[in-house]
Amino acid sequence: MIKRVLPAILLLLSCSAWPQKASLAVTHHVMERNIRAHEEFLASDALQGRGSATRDEWIAATYVATQFRQFGLDPAGDPAGENPYIQTVSLTSTPNQVELSAGETHLQHGRDMAILLLANTKVSAALNKVQVGAIAQKGSAAFIHLTEGANDPSVRDQIRKPLQQGAAVVLFAYSEQLKHRFQATLIQEVRVDPAHAGTILLLGPEATKAFESLPDGIAINISSSGDDTPKFTYNTIGMVKGSDPARRSEAILITAHVDHLGIHLKQAGDNIFNGADDDASGVVAVLELARAVAAAKPKRTVYFVTFGSEETGGAGAQFFLQHPPVALSNIVANLEFEMIGRPDPKVAPDTLWLTGFDRSNLGPMLAQHGARLVGDPHPAEQFFTRSDNYALAKRGVIAHTVSSFGLHKEYHSPADDIAHLDVQHMTRAIQSMVKPVIWLGNSEFKPKWNEGKKP
């Protein structure tokens with residue numbers, strides 16, 4: 001009897017010790033099933049594309065908050081709010097469905113153009129093609145090609161001038177030269193004391209071609225379903241408090257944007273812009289890294305944030321900058337995750353790239369510690385300035401975006417869905433960043449801008 005019991009006791013003792021080790025290993029291991037589960041919710045038709053400042057974006061933000069709580073992160077949003085993980089951002093002017101028609105040309109906000117400023121829910125004006133420096137006609141819809149030469153007026157002045165001259169609408173053309181000025185930057189420039197009320201639109205490349213062929217004087221009609229109902233966007237913030245009292249004032253920021261383009265009711269066929277790659281994939285990276293870092297308990301404090309309304313100008317990131325949970329000067333580095341749902345054929349398999357890789361020493365140092373990070377293979381696209389990281393970088397934070405976007409044709413289309421994801425690639429990509437991020441949380445390394453490369 002004793003001979004039989006003793007092996008059983010030894011077996012039980014060995015088993016009782018095993019779960020701790022197994023739990024730690026599993027916690028640090030990124031699992032494909034977790035990634036698929038997150039994507040199947042965030043990029044599902046049920047969330048109708050997580051449109052900026054919509055109830056669907058709120059649901060997605062709340063989902064992120066529940067995961068942060070499950071992983072043991074402390075809330076760092078609004079302690080007085082209904083959900084302490086969430087920052088609720090009030091938006092004063094957020095158009096819903098905005099459409100423009102000019103003869104046979106029909107454009108939609110979020111697909112063909114972006115509304116930067118909307119003066120009225122209905123606008124009608126005659127098209128007036130204006131050269132930079134020329135005088136726009138009063139009451140017109142001024143169509144201009146912005147320029148950025150050494151002797152040209154500032155972009156902000158070029159945008160504002162037609163309004164000062166009495167134009168009712170300013171439509172400015174897409175250009176390769178200026179596309180690095182992403183919407184968030186342009187909105188900031190428009191909102192710096194605009195001289196007069198007016199409607200300002202950024203046209204996409206196809207819309208620009210259509211306008212170039214329209215005759216002067218044709219009626220431009222803009223209508224919006226927007227109303228005076230208060231609108232809100234949502235940031236979600238969780239914190240892993242630094243384990244070293246002497247180091248916890250230093251912060252690492254891991255971010256992604258939670259919103260996408262929503263649903264376009266008048267579009268035939270599939271009209272839900274699921275945003276599985278853009279940027280549910282980045283949110284999933286934030287979630288899985290949060291789970292790993294929470295278990296690792298690094299010396300520095302690490303904040304995990306998902307921003308709202310990136311697609312309509314970055315209102316969530318701007319609010320975060322105005323109400324940060326930690327002084328911006330204490331943020332050692334920011335890594336934004338954007339579109340890692342598919343491999344980029346321009347780089348080696350299982351490799352991610354970092355926007356602005358040559359701007360600071362952060363990317364090379366992470367690569368030395370195991371991150372499969374290389375420079376952005378699409379420099380002409382100016383991706384460094386086209387994610388929420390740029391708003392932080394402009395405020396001095398060493399901030400870059402991690403991506404593997406290969407310029408696929410599903411970008412900003414209803415086809416950006418789960419069926420087009422490579423979940424195995426996502427698993428390997430996120431796993432490759434776990435140890436480097438934990439290293440950054442434990443190290444004394446403080447990245448710096450390279451000389452002449454600070455934004």
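**Exercise 1. In β9, which residue is the bridge partner of V169?**

Before we dig in: this is a predicted model, where local features need pLDDT of at least 70 and side-chain atom pairs count only at pLDDT 80 or more, while totals for chains, interfaces and linings use all residues. Residues are numbered from 1 along each chain as its sequence is written, and side-chain values use heavy atoms, with hydrogens and water left out.

Solution.
- Find the strands (DSSP E runs of at least two residues, numbered from the N terminus, as are helices, H or I runs of at least four). β8 covers residues 169-172 and β9 covers residues 199-203.
- Check the pairing (DSSP must find at least two bridges). Four bridges join β8 to β9, and the two run parallel.
- Read off the partner: V169 bridges to T199 in β9.

**Exercise 2. Work out the strand order of the open sheet and its edges.**

Solution.
- Walk across the eight strands: β4-β3-β10-β6-β7-β8-β9-β5, with mixed pairing.
- The edges are β4 (105-108) and β5 (113-117), each pairing on one side only.

**Exercise 3. Describe how α2 and α7 pack.**

Solution.
- Take α2 (residues 32-42) and α7 (residues 276-296): the angle is about 135° and the axes are 10 Å apart. Axes are lines fitted to C-alpha atoms, for helices over the stretch in contact, and angles run from 0 to 180 degrees between N-to-C directions.
- Classify it: the helices are therefore oblique to each other (under 35 degrees is roughly parallel, over 145 roughly antiparallel, 65 to 115 roughly perpendicular, the rest oblique).
- List contacts (heavy atoms within 4.5 Å): N34, I35, H38, E39 and L42 in α2 meet α7 residues including A276, V283, L287 and R291.
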